[in-house]
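Me: I have a structure open and would like to go through it with you. Could we begin with the overall picture and then turn to particular residues?

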Amino acid sequence: MGSRDRSVPAVPLGRATPCTAAGIPVLARKGPRGAHVQARFPRRPGRLGTGRPATVLFRAPPRRYWTRLQGGPETGPPLIGRSLCSWEEVVVIPYASDSDSESVDLQLSNLEDIKKSPSSLELTDRFRHLTHEDPFSEATVKKLIESIQEFFNGELKILVEEEPLHSIFSPVRQEVFVTITDLSYQDVHLLFGSEDRVDLFNLITKSIITLPSEKTLTQMQEIMPNGSCNSEGLYKQTFQVFSEMLQSLVVKDPHLENFDVILKHMDPWLLSIEDHERERAAATMAQVLKCLCMHLNLKLPLRFQRLGHLVALMVLLCGDPLKEVAEEAAKGTHYLLHITLRLKYITEDKKNHPVLRGAIKNCQELLEFYSIKRFYNCPFKIAQIFEVFFDSNELSQFVLTVLNGLKNLKHPYIQQSAGELLISLVENAEPRIEKVPEIMGVLCAQLSMISQPSIRQQVISIVSLFISRPSYTDMVVSHLLCQPVPYDRNLAEIWRTLKVELRSTTRIMSSLLRKLQKYHNQPTREKMAYVAVAATDALYEMFMGNKFQEAVFQLFPQLLMTLLIQIHHSIGLTMSDVAIPTGLYTEQKTSSKVIPLCLAIQATKTLLLRTLCFREFNIMEKSKGWTLLAEKECHLQGVSLLANALLERNCFIANKILYLLVPLLNRGNDKHKLTSAGFFVELLQSPVARRLPSIYSVVRLKDWLLHGNNLFKIIALRGLHCLIRHQKMREDIKSLLPCILNQLCETDEKIVLLAIQILLLLVRTMDFSTLTAMMGMLFSLFGDVRPDVHRFSMTLFGASIKSVKHTDKKGVEKQVLDSLVPLLLYSQDENDAVAEESRRVLTICAQFLKWKLPPQVYYKDPWYINPSEVETICKFLVCEK
């Protein structure tokens with residue numbers, strides 16, 4: 001075919017490469033002594049030819065020094081050398097020799113040979129229509145490049161896959177890396193774009209990073225027969241070519257788009273549990289960062305959005321227990337800081353440039369003191385330097401990435417460094433951190449995988465720092481409440497051992513109270529809000545902690561009342577009656593054993609014990625108060641029992657609760673109001689209640705008397721009964737007599753009995769008209785089937801007779817006479833208490849009428865035994881009348 005020995009000028013960055021008629025760059029190379037050599041791989045039958053060694057489209061492994069081939073005049077910007085970012089080296093596009101029939105220079109003649117292979121048929125078909133005379137339009141060139149990329153992608157992938165994963169005996173990997181490098185300098189990228197190219201990038205990265213350590217490779221070489229392969233040397237050459245390949249991807253990367261892709265592929269290896277893999281990844285990133293730093297030419301828009309993540313990775317590696325890893329990471333971090341300075345100057349708002357310049361000045365001062373060597377094993381200083389330049393999103397990235405370092409179970413030192421870094425960063429940059437719920441999620445998840453006590457305490461310290469900040473308290477509390485109840489030991493440990501000051505503890509508990517109260521203030525729903533159950537459990541865990549007793553004392557009134565209201569809401573409910581968020585419980589983990597009522601009672605008991613209310617607790621235990629609280633019909637009795645116990649044993653706290661309840665009585669739903677009102681009216685027995693304005697006491701009780709719910713009427717009458725004990729309050733209560741008298745007509749026995757008890761205390765203060773009206777109503781109750789109503793109505797009737805003034809006796813005489821026969825009949829009632837009370841009231845009536853009743857009236861024997869006694873009594877009544 002004639003001489004094919006051609007020299008091609010080196011191609012500066014950004015300039016087109018001379019092409020053959022097929023539009024493919026001419027690639028060849030020169031041997032060590034000027035001889036032309038061939039890039040050849042082991043024979044692979046059936047690929048790229050038949051019955052002959054498979055020639056491939058690669059250049060030989062790179063040498064350290066490269067020279068420019070003869071050609072046209074040297075133009076364009078300085079060329080990038082193969083040695084890491086050396087400005088004095090130049091790139092040479094090697095050439096092929098025509099004396100080697102199987103040399104691959106990607107000229108049209110080679111394509112004719114490749115056409116014979118089925119695997120290359122598609123590629124050559126796309127070139128068939130091109131001739132030397134065809135003009136290369138932009139669309140044609142683009143289509144040609146895509147064909148080249150598609151072809152090379154498949155070929156290279158097969159070559160790499162055929163290489164053994166745990167050994168290196170051939171330069172195939174080198175040739176693959178060199179080919180990718182050459183094409184990338186011509187803007188033909190084989191690793192970016194489609195999923196296939198991404199897979200290739202993953203494959204070649206894994207193929208070099210996961211090779212055995214150098215020590216293992218040396219051992220493998222020693223056992224090879226006759227030293228047939230220098231595995232260690234071959235590995236070093238291959239690794240250097242791999243690094244150069246990555247550098248070729250970033251030398252022309254003004255938007256940092258390629259660098260972002262490289263980071264995504266190196267990401268999992270930078271925190272690998274294998275030391276040699278971590279070392280290789282760190283060394284690779286250090287070289288890429290150095291190259292990028294020396295050829296930095298940033299332009300907007302920048303597509304690199306993971307600065308915080310990268311800094312966190314490098315910072316963690318700077319504290320790596322393996323010295324080689326830490327040193328490589330320190331180098332890379334030093335270059336990364338320079339890149340960051342330029343990056344921030346471009347992306348920052350010009351209005352912030354003065355601030356940025358000040359930060360850069362401070363940073364430069366630190367850099368003068370902390371050289372590359374000083375960066376080694378000094379992650380805290382690095383974080384301090386970078387934190388100045390991070391925006392809120394980058395700070396969150398940094399935190400989340402360092403959190404992943406807590407999972408490094410193989411290296412506790414990295415765990416320790418990660419925890420200390422987070423604590424330091426949160427303390428200094430907390431106001432600018434975003435994604436706090438996501439951070440909390442990672443922290444909670446990590447805690448379950450950490451067994452080392454010191455690391456667990458670091459995690460809890462970080463949670464404490466976030467939850468103690470006023471701007472984050474509600475956010476963190478809300479996230480922690482979105483966990484299954486009852487809390488596992490990890491969540492329980494967080495709640496019990498939060499490292500916060502008293503003020504923050506009070507704010508956290510107040511936040512939990514607000515979550516509960518928000519539910520209590522809403523209309524009653526079919527299902528209880530899950531947050532109410534979770535907040536109850538969280539309060540219980542905090543009560544169990546030893547550090548929060550002072551805050552519990554401060555908030556005791558609010559805590560006690562909120563928990564009592566939660567008990568009322570939880571009566572009769574199971575977790576199936578709770579609106580559980582979707583996905584909170586797995587199919588394997590059921591919540592059927594969790595009962596909201598038990599959680600609420602458990603928290604209330606713990607609250608009493610933590611606040612040293614031992615006597616009150618014992619009263620509730622002995623009187624079965626907890627059972628009363630847990631029953632729908634008896635709940636208010638349990639509330640009353642606890643209120644009276646507090647009033648008796650701890651009057652100071654009872655009075656604090658009294659004042660707390662005044663503004664709360666008309667808030668919330670009916671269950672909230674009932675529990676609050678039930679506790680409130682018992683506290684009206686306290687002398688402090690006399691100081692309450694009537695609008696908060698008597699007027700409110702009147703409103704409840706007129707309420708349609710009988711429970712509110714019972715509470716109101718109980719409250720009036722307590723207030724009557726204060727003499728100064730009686731005048732105000734007398735204004736409610738008409739309302740109280742109306743309660744005698746109620747069908748609810750409790751209401752009637754409470755009304756009678758109040759009237760017994762007020763009967764001596766009633767005017768004549770009220771008294772006569774009441775006596776008429778009581779007379780109608782003499783035949784009531786309810787024994788207690790029957791008996792106490794007669795008692796009040798007798799008290800009314802005693803209260804009649806001498807001047808008003810004539811006005812009630814008829815009512816007294818009319819009551820004699822019924823009272824005589826009821827004196828024979830089968831209920832002994834009713835019969836006894838009837839005889840007692842008969843005596844009062846006789847005294848009022850100035851009669852002397854025959855002794856037969858007081859006989860307890862039934863009249864049918866001695867009919868003559870009945871005759872005597874009747875004759876007496878007829879004669880007296």
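Me: What share of the contacts with a separation of 6 or more is between residues 24 or more positions apart?
Reply: Such residues account for 74% of those contacts in the protein. Please note that this is a predicted model.

Me: Which secondary structure elements are there, and how many?
Reply: The protein has 40 helices and two strands.

Me: And how much of the protein is buried?
Reply: Of its 881 residues, 55% are buried. The accessible surface amounts to about 39,800 Å², and carbon and sulfur atoms contribute 53% of that area.

Me: Turning to aromatics, how many pairs are there?
Reply: The structure contains 13 aromatic pairs. One of them joins Phe239 and Phe242, which is classed as tilted because the ring planes are at 35°; the ring centres are 6.5 Å apart.

Me: Where do Phe239 and Phe242 lie?
Reply: Both belong to helix α7 (residues 231-250), where they are three residues apart, about one turn of the helix.

Me: Are they buried or exposed?
Reply: Phe239 is buried at 11% relative accessible area, and Phe242 is buried at 0%. The cut-off for buried is under 20%.

Me: What about Phe259 and Phe304, how are their rings arranged?
Reply: Their planes are at 70°, so the pair is edge-to-face, with the centres 5.3 Å apart.

Me: Which parts of the chain does that pair tie together?
Reply: Phe259 is in helix α8 (residues 257-270), while Phe304 is in the loop between α9 (275-294) and α10 (307-318), so the pair ties together parts 45 residues apart in sequence. Phe259 counts as buried at 2% relative accessibility, and Phe304 is buried as well, at 7%.

Me: New topic: which residues form the nonpolar patch on the surface?
Reply: Phe553, Leu609, Leu612 and Phe614 form it, and together they have about 350 Å² of accessible area.

Me: Where is Leu612, and why does it count as partly exposed?
Reply: Leu612 is in the loop between α25 (596-610) and α26 (614-622). Its relative accessibility is 49%, so it counts as partly exposed; exposed would require over 50%.

Me: Finally, what sits over the ring of Phe792?
Reply: The charged end of Arg791 does, 4.3 Å from the centre of the ring.

Terms used
Residues numbered from 1 in each chain as written. Predicted model: local features only at pLDDT ≥ 70, side-chain atom pairs only at ≥ 80, totals over all residues. Heavy atoms only, no water. Patch = residues over 30% accessible without salt bridge, like charges linked within 9 Å, V, L, I, M, F, W, Y side chains within 5 Å. Areas by Shrake-Rupley, 256 points an atom, 1.4 Å probe, with all protein chains shown as cover. Salt bridge = Lys/Arg side-chain N within 4 Å of Asp/Glu carboxyl O. Helix = DSSP H or I, 4+ residues; strand = E, 2+ residues; numbered from the N terminus. Buried < 20%, exposed > 50% of the residue type's maximum accessible area, 1.4 Å probe, protein only. Phe/Tyr/Trp six-rings, centres within 6.5 Å; stacked < 30°, edge-to-face > 60°. Lys NZ or Arg CZ within 6 Å of the ring centre and 35° of its normal. Contact = heavy atoms within 4.5 Å.
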